[in-house]
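Subject: Structure for your review

Dear colleague,

Please find below the structure that I am handing over to you. My findings follow directly after it, grouped by region.

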Amino acid sequence: MLNPLFVPEVRKMIVDENDKGMKAFVEMLHPSTVVAVLSDNQFSEEDVWKVLKNTEFPKQAAIFEYFPVEKQVELARGVGQSHLAKVIEVMSSDDRVDLLRRLDPQAMEAIVRLVDEAERRDIANLFRYQENTVGSIMTTDYALLHLGITAGYAIDRLRLQAPDKETIYYIYILQENTRKLLGILPLRSLVLAGRFTPIKDIVDTGDLVALRPDDDQTVAASKLAEYDLVAIPVVDDQRRLVGIVTHDDVIDVITDEATEDMQKQAAVGTLTGDFTQTSFFTVWRKRAFWLSLLFVGELATFSVMAEFEEPLTAVVALSFFVPLCISTGGNSGSQAASLTTRALALGFIRFGDWKKILTRELTMGLVLGLTLGLMGLLRGATTSDDVRSARKELKESFEVLVPKEVTLNKGAEIQIPTGSRILASDPSHANAYIGLPSGQQFLEEPSHVEGFRKYIFPEGCSLRSETANRWLFALVIAQSVAFVCIWGTVLGSMLPLVFSKFGIDPAFASGPFVATFVDVTGILIYFSIASAYLL
């Protein structure tokens, strides 16, 4: 945990121009701790450089690299180009290229011209590779040796190389003149070998694991995880070593990819860095775009429900179970989509495996549907008669038009004949019974509508529909839940595969996207089953 005293102490050092104190601060603490302190909003870009300039350039670069690349861009604007060029010269080759890619072209060119010629060639070489490829995250700061020397001499050579290399856990054995990768010598093997042991006797020249510069950066992550490596070489078509990818860069890739996938699964446009530091307008724009698309998709539920007005008004209790059914489909679909998306990301499956995935998820959907369907059957069966009959009170008097050949019988509750019309401010053509207030009756008046008798009912009457059969109602809920669950599971598992086939990030198929699609289709399934059983 960051010591809360660091920020005011460093702030005071800057105000007092305490160079000695600032030098001790940046040199005695870990770069990560220094960055955590200087990232506080109290420090401007100029303040950060006032602190960093109290140490040598290698230490400045080591600290500078711990800042997020977005923050590095801001800091680059707060220091002179000549000073920044000196820092870039001693930065890791992959980190400095990542920074330069994000600077304005004019500023980038001006800074690169100030960099040492050898480093400038290295920058130009790495700039050839597109972002998100292995070439864009590899470093050229690796330890190398040639065959024909002893272990003792190799250690002496390595001691000279080590200060300028990002890692020396693996030493790469290259063919002289061609730079072809011949083998890899782990540092452990070199240290344990006798001083006069030829390194050709201890170098690993077997089936070497290597990457190509144009491979996707996620390939590097999967290879390092698969073979449990600290670093992995990058070679060209002639097996010449062009760089290495280290575990720390892969961790960054994994973190960025996981963050991006989570944002896409939540229907949020990709945000870089800490979203709390991103401008409010940017976050609003990215979130509003996807929410608007999903909102338009959800509008289809209105159209679907409008098509099923008859069963909804006949059995109003059906509306109470709409959230249950569609949320079941959305939840089961999101589960399946998340599992499939993750399996695609890890390389466990590909589009060609769709039949296997469909069979597995269809079976899983059936079992899950039966499980939830039984729960829905129990809940539907325990729904009270009052809920299934949908009673409502009318505060105003109203008229009822009854076919002329039918006469209403008097009583406390009147059954309205088929073909009648209820003329009320809140009409419900499906209501079949009218309950009269105690001691009151309806009145018959001459009708001006041909073929009908007119009856006037007093205020305070109640309307209720015919009570739906308990077990038919429960069967509707059970089957709807089961089928929607099956549909959501199948759809959630197939959409990521289809997206990947067409080059779309499968993460978009998860979460809200699946839920929205299943909401619309789930309502269609639900009311289709209800119409078949209850009408």
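I begin with Y142, which is part of strand 1 (residues 142-145). Please bear in mind throughout that the model is a predicted one. Buried here means a relative accessible area under 20%, and Y142 has 5% relative accessibility, so this residue counts as buried. Setting aside neighbours within four places in sequence, Y142 is in contact with Q161, K165, Y172, R179, L241, V242, G243 and I244. T255 lies 113 residues from Y142 along the chain, and the C-alpha atoms of the two are separated by 24 Å.

R179, one of the contacts of Y142, deserves a remark of its own. This residue is located in the loop between strand 2 (167-174) and strand 3 (181-186). R179 counts as partly exposed, because its relative accessibility is 36%.

A second residue of this kind is E17, with a positive phi near 55 degrees although the residue is not glycine. E17 belongs to the loop between helix 1 and helix 2 (19-28). Is E17 buried or exposed? At 63% relative accessibility, E17 counts as exposed.

Helix 1 (residues 6-16) also takes part in a helix-helix contact, with helix 4 (residues 45-52). Two packed helices are described by the angle between their axes and by the distance between those axes. In this pair, the axes come within 11 Å and cross at roughly 85 degrees. The two helices are therefore roughly perpendicular to each other. Helix 1 contributes V10, R11 and I14 to the contact, while helix 4 contributes D47, K50 and V51. By type, the residues of this contact comprise three nonpolar and three charged, with no polar ones.

Two further buried positions may be of interest. L100 is found in helix 8 (residues 93-102) and has a relative accessible area of 1%, so L100 is buried. Apart from neighbours within four places in sequence, the contacts of L100 are I88, M108, V112, I123 and F127. Between L100 and V73 there are 27 residues of separation in sequence and 8.5 Å in space, taken from C-alpha to C-alpha.

The other position is K454, in strand 12 (residues 452-457). Which side of the cut-off does K454 fall on, buried or exposed? Its relative accessibility is 12%, and K454 therefore counts as buried. Not counting residues up to four places away in sequence, K454 touches E399, V400, L401, L443, E444, E445, P446, S447 and H448.

Helix 18 (residues 322-345) has 24 residues, which should span 34 Å at 1.5 Å a residue; the end C-alpha atoms are 34 Å apart, so the two values agree. After helix 18 comes G347, which has a positive phi near 80 degrees. Helix 22 (residues 512-534) consists of 23 residues and reaches 32 Å from its first C-alpha to its last, close to the 33 Å expected at 1.5 Å a residue.

With kind regards

Note on methods. Residues are numbered from 1 along each chain as its sequence is written. This is a predicted model: local features need pLDDT of at least 70, side-chain atom pairs count only at pLDDT 80 or more; totals for chains, interfaces and linings use all residues. Side-chain values use heavy atoms; hydrogens and water are left out. Axes are lines fitted to C-alpha atoms, for helices over the stretch in contact, and angles run from 0 to 180 degrees between N-to-C directions. Helices (H or I, at least four residues) and strands (E, at least two) are DSSP runs, numbered from the N terminus. Angles under 35 degrees count as roughly parallel, over 145 as roughly antiparallel, 65 to 115 as roughly perpendicular and the rest as oblique. Contact means heavy atoms within 4.5 Å. Ala, Val, Leu, Ile, Met, Phe, Trp, Tyr, Cys and Pro count as nonpolar, Asp, Glu, Lys and Arg as charged, and the others, Gly among them, as polar. The expected span of a helix is 1.5 Å times one less than its number of residues. Buried means under 20% relative accessible area, exposed over 50%, partly exposed in between (1.4 Å probe, protein chains only).
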